[in-house]
Amino acid sequence: MDIIHCKSETIIKNKKTGKVYKNEDEAQKDIQDATTDTNESDIQRDVNIIVPELSLDGETD
C-alpha cells in the first residue's frame, strides 16, 4: 500500500465574534482574558486536508 503525504491547515476562529486567530496560543489567551467573555465552546477549529492529485488508472494491486 502506498503512503500519501498530505498537507493540512487549521483555521481557529471565534464562533461569536468571527475573529480568526493566528494560532492556538492566541485563542487560549483570548479565553483566559478576563476582559472578554470568550470560553472554550466559542472556539471553532476547521481542518483542511490538501490531497495531491491521484492517478485513477484502474489498476489494482
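Modeller: Let us start with Asn 14, which touches Lys 19, Tyr 21, Asp 30, Thr 38 and Asp 42, leaving aside residues up to four places away in sequence; contact here means heavy atoms within 4.5 Å. This is a predicted model, in which local features need pLDDT of at least 70 and side-chain atom pairs count only at pLDDT 80 or more, while totals for chains, interfaces and linings use all residues. Residues are numbered from 1 along each chain as its sequence is written, and side-chain values use heavy atoms, with hydrogens and water left out.

Biologist: Why is Asn 14 called buried?

Modeller: Its relative accessible area is 0%, and buried means under 20%, with exposed over 50% and partly exposed in between (1.4 Å probe, protein chains only), so Asn 14 is classed as buried. Asn 14 is found in strand S1 (residues 7-14), where strands (E, at least two residues) and helices (H or I, at least four) are DSSP runs numbered from the N terminus.

Biologist: What makes the pairing of the Asn 14 and Thr 38 side chains a polar contact?

Modeller: The distance is 3.4 Å, and a polar contact is a pair of N or O atoms within 3.5 Å, of which, within protein, one must be able to donate a hydrogen and the other to accept it, residues adjacent in sequence counting only if both atoms are side-chain atoms; the pair therefore meets the distance limit. A polar atom of the Asn 14 side chain also lies 3.1 Å from the backbone nitrogen of Thr 17.

Biologist: How do you know that Lys 19 and Glu 26 form a salt bridge?

Modeller: Their closest N and O atoms are 3.5 Å apart, and the definition asks for a side-chain nitrogen of Lys or Arg within 4 Å of a carboxyl oxygen of Asp or Glu, so the pair qualifies. Lys 19, at 39% relative accessible area, is partly exposed, and Glu 26 is partly exposed at 22%.

Biologist: Which side chain meets that of Glu 24 in a salt bridge?

Modeller: That of Arg 45 does, at 2.6 Å from N to O. The pair links distant parts of the chain, with Glu 24 in helix H1 (residues 24-32) and Arg 45 in strand S3 (residues 43-50), 21 residues apart. Arg 45 also meets Glu 40 in a salt bridge, at 3.0 Å.

Biologist: How many salt bridges does this rule give?

Modeller: The count comes to 5.
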